[in-house]
Amino acid sequence: MAIFLRRALSFRNVLLLRSSAIVGRELFQYNSEAPQRILSHSALEFVKESRRGFAKGRNKSKDDSAAGTIEVLPNMGPTIKANTTSQMEAAITALSAELSKLRTGRASPGMLDHIIVETGGVKLPLSQIAVVSVLDSKTLSINPFDPNALQKLETAIVESALGLNPKVDGDRLIAAIPPLTKEHVQAVCKVVTKSCEDGRLSIRRARQKAMDTIKKLYSRYPKDDLKRLEKEVEELTKKFVKTAEDLCKAKEKEISAS
């Protein structure tokens, strides 16, 4: 009987061990499976709103960064001053050329530069077909590059408004500068005055162009910088007007002393 009881207990223990092993394996398999999350409708709406709000915030930050961008404007000052200076220098050059055409009582090689000579069917400035030099304070020498153009040169000089009467001297022309009469001096001085006024007008036109350009920049550039630029243009204008007036005064003095 005791032996039978011991065998029964042993068999019962074996069954218990096998059952616990099976239950443990099932529990392990259950725990290893990923849990499935089931969200309610309100939770889904919350997630959607959160994502939408994040997208709006990101776009807003982009707009804010774009609005905070600073535009770098080019420095227009040097360009405006350079253009204005170039135009005013051109006005002084034109004035000098006009004054050089006026005859005084002294010989000057530049006084013949404006004369146009027609030779070989082509009209050219005298300076391109001959060399003009000063023999003394009252005499000019005109040496043509082509001796065959000597007669054409003589005709062009006689027909000019200078009142010269050159003479042929071998392969060159000799032009004596006659003394100026009182009437001629007065007439030439009037021409100098008009030429000076034309020069001043050209300079002031260049100034006005610069001022108009600066005025268009007031909506974008700092006012202090533009005011300073306007002052610099005014200083340029005064400088070149004075240069023009000095040239004319020197010419009038030269004419009056003839």
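**View 1. S141 stands opposite I174 in strand 6 of the sheet.** Strands here are DSSP runs (E, at least two residues) and helices are likewise DSSP runs (H or I, at least four residues), both numbered from the N terminus. The model is predicted, so local features need pLDDT of at least 70 and side-chain atom pairs count only at pLDDT 80 or more, while totals for chains, interfaces and linings use all residues. Residues are numbered from 1 along each chain as its sequence is written, and side-chain values use heavy atoms, with hydrogens and water left out. Strand 4 (residues 139-144) pairs with strand 6 (residues 172-176) in the antiparallel sense over four bridges, where pairing requires that DSSP finds at least two bridges between two strands.

**View 2. Four antiparallel strands make up an open sheet in the order 3-4-6-5.** Strand 3 (130-136) and strand 5 (167-169) each have a single partner strand, so one side of each of these edge strands is left without a neighbour in the sheet. From one strand to the next, the twist averages 30 degrees. Helix 4 (residues 150-159) packs on the sheet and touches strand 3, strand 4, strand 5 and strand 6, its direction making about 20 degrees with that of strand 6. Contact means heavy atoms within 4.5 Å, and angles run from 0 to 180 degrees between N-to-C directions, with axes fitted as lines to C-alpha atoms, for helices over the stretch in contact.

**View 3. Helix 3 (residues 77-100) and helix 6 (residues 223-256) have axes that come within 10 Å and cross at roughly 10 degrees.** Helix 3 and helix 6 are therefore roughly parallel to each other, a description used for angles under 35 degrees, with those over 145 called roughly antiparallel, 65 to 115 roughly perpendicular and the rest oblique. Among the residues that meet are I80, M88 and L95 in helix 3, and L236, F240 and L247 in helix 6. By class, the contact of helix 3 with helix 6 has eleven nonpolar, six polar and four charged residues; Ala, Val, Leu, Ile, Met, Phe, Trp, Tyr, Cys and Pro count as nonpolar, Asp, Glu, Lys and Arg as charged, and the others, Gly among them, as polar.
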